[in-house]
Amino acid sequence: MTTWICSQLGARENYAVARALHREQRLSSLYTDIWNVQNRYSPDLANANVHHFTRRFLLRKVLQKTPIKISHDDDLYDRLVAQHLRNNKSDSKIFFAYSYASLQSLGTAKSLGYKTVLGQINPGPAEADIVVEEFRKFHDGKYPPTVPNSQYWKRWERKLRCLMLLW
């Protein structure tokens with residue numbers, strides 16, 4: 001039976017992909033940033049193999065409230081998962097990760113012989129442009145649109161270019 005490794009920063013969709021794979025006994029392991037704190041847990045994964053970096057990310061949350069400059073959580077998380085994958089070989093055949101935190105970990109998984117699956121979470125900058133325009137029309141500029149900023153899209157494009165090189 002082919003097993004999967006899932007990686008996700010945050011509790012997106014209450015760990016739906018990992019829960020579904022675990023229910024079918026196909027989840028080898030789940031990587032996540034914070035586990036078993038507030039809403040960062042699912043009882044459906046109580047007996048799953050979960051690798052997490054809770055202490056490190058909770059400390060980062062504290063530091064984010066200080067003037068100390070720290071890097072983006074998604075980049076740190078991605079590096080930690082990639083490092084863990086290199087140091088902990090698995091018999092799994094497939095590695096699934098979401099686009100916002102996966103550049104290095106997908107590359108590492110690919111180099112280790114896994115098939116890789118990218119979970120793209122947003123439609124891209126074209127959709128963001130539509131949202132901005134609709135906010136202008138219907139909200140008269142009173143509210144800011146809920147879209148990523150230009151820095152996000154620049155990083156997103158770099159990741160996609162690099163990911164394309166993996167395949």
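Contact here means heavy atoms within 4.5 Å. Keep that cut-off in mind for every neighbour list on this tour. The model is predicted.

**Stop 1: the whole chain**

Show the chain as a cartoon. Its secondary structure comes to six helices and five strands. Trace the elements from the N terminus: the order is β-α-β-β-α-α-β-α-β-α-α. The C-alpha trace spans about 55 × 35 × 30 Å along its principal axes. Colour by accessibility next. Of the 167 residues in the chain, 39% are buried. Take the contacts between residues at least 6 apart in sequence: 51% of them join residues at least 24 apart.

**Stop 2: strand β1**

Select residues 4-8, which form strand β1. Four of these five residues are buried, so the strand is largely enclosed by the rest of the structure.

Which strands pair with β1? One is β2, residues 27-32, joined to β1 in the parallel sense over five bridges. Pick S7 and look across to β2: Y31 stands opposite. Another is β4, residues 94-98, which pairs with β1 in the parallel sense over four bridges. Pick W4 here; its bridge partner in β4 is I94.

**Stop 3: S29**

Stay on strand β2 and select S29, which lies in it. Is S29 buried or exposed? Its relative accessibility is 4%, below the 20% cut-off, so S29 counts as buried. S29 touches W4, I5, C6, N49 and H51.

**Stop 4**

Move to F95. Skip its neighbours within four places in sequence. F95 is then in contact with I5, S7, V81, L85, S105, L106, A109, Y114, K115, T116 and V117.

Next, select the largest nonpolar core, which has 30 residues. Those with the most contacts inside it are L27, L30, L45, F57, Y77 and F95. In soluble globular proteins, nonpolar side chains tend to be buried together.

**Stop 5**

Select residues 54-63, helix α2. Show the side chains of T54, F57 and R60, which are buried. These three cover an arc of only 130° around the axis, which puts them on the same side of α2. An α-helix has 3.6 residues a turn, so residues three or four places apart point the same way.

What covers the buried residues of α2? The cover includes β3, residues 50-52, and α3, residues 73-87.

**Stop 4: salt bridges**

The structure holds four salt bridges. Visit three of them.

Start with R40 and D33. Their closest N and O atoms are 2.9 Å apart in this salt bridge. D33 has a relative accessible area of 3%, so D33 is buried.

Then go to helix α5, residues 125-139. Display E133 and R136, whose side chains meet in a salt bridge at 3.5 Å, N to O. Both lie in α5, three residues apart, about one turn of the helix. E133 is partly exposed, with a relative accessible area of 36%. R136 counts as exposed at 53% relative accessibility.

Finish with K137 and E134. They form a salt bridge, the closest N and O atoms being 3.4 Å apart. This pair also lies in α5, three residues apart, about one turn of the helix. K137 counts as partly exposed at 49% relative accessibility. E134, at 31%, counts as partly exposed too.

Conventions. Residues numbered from 1 in each chain as written. Predicted model: local features only at pLDDT ≥ 70, side-chain atom pairs only at ≥ 80, totals over all residues. Heavy atoms only, no water. Buried < 20%, exposed > 50% of the residue type's maximum accessible area, 1.4 Å probe, protein only. Helix = DSSP H or I, 4+ residues; strand = E, 2+ residues; numbered from the N terminus. Pairing = 2+ DSSP bridges. Arc of directions from axis to C-beta. Core = buried A, V, L, I, M, F, W, Y, C linked by side-chain atoms within 4.5 Å.
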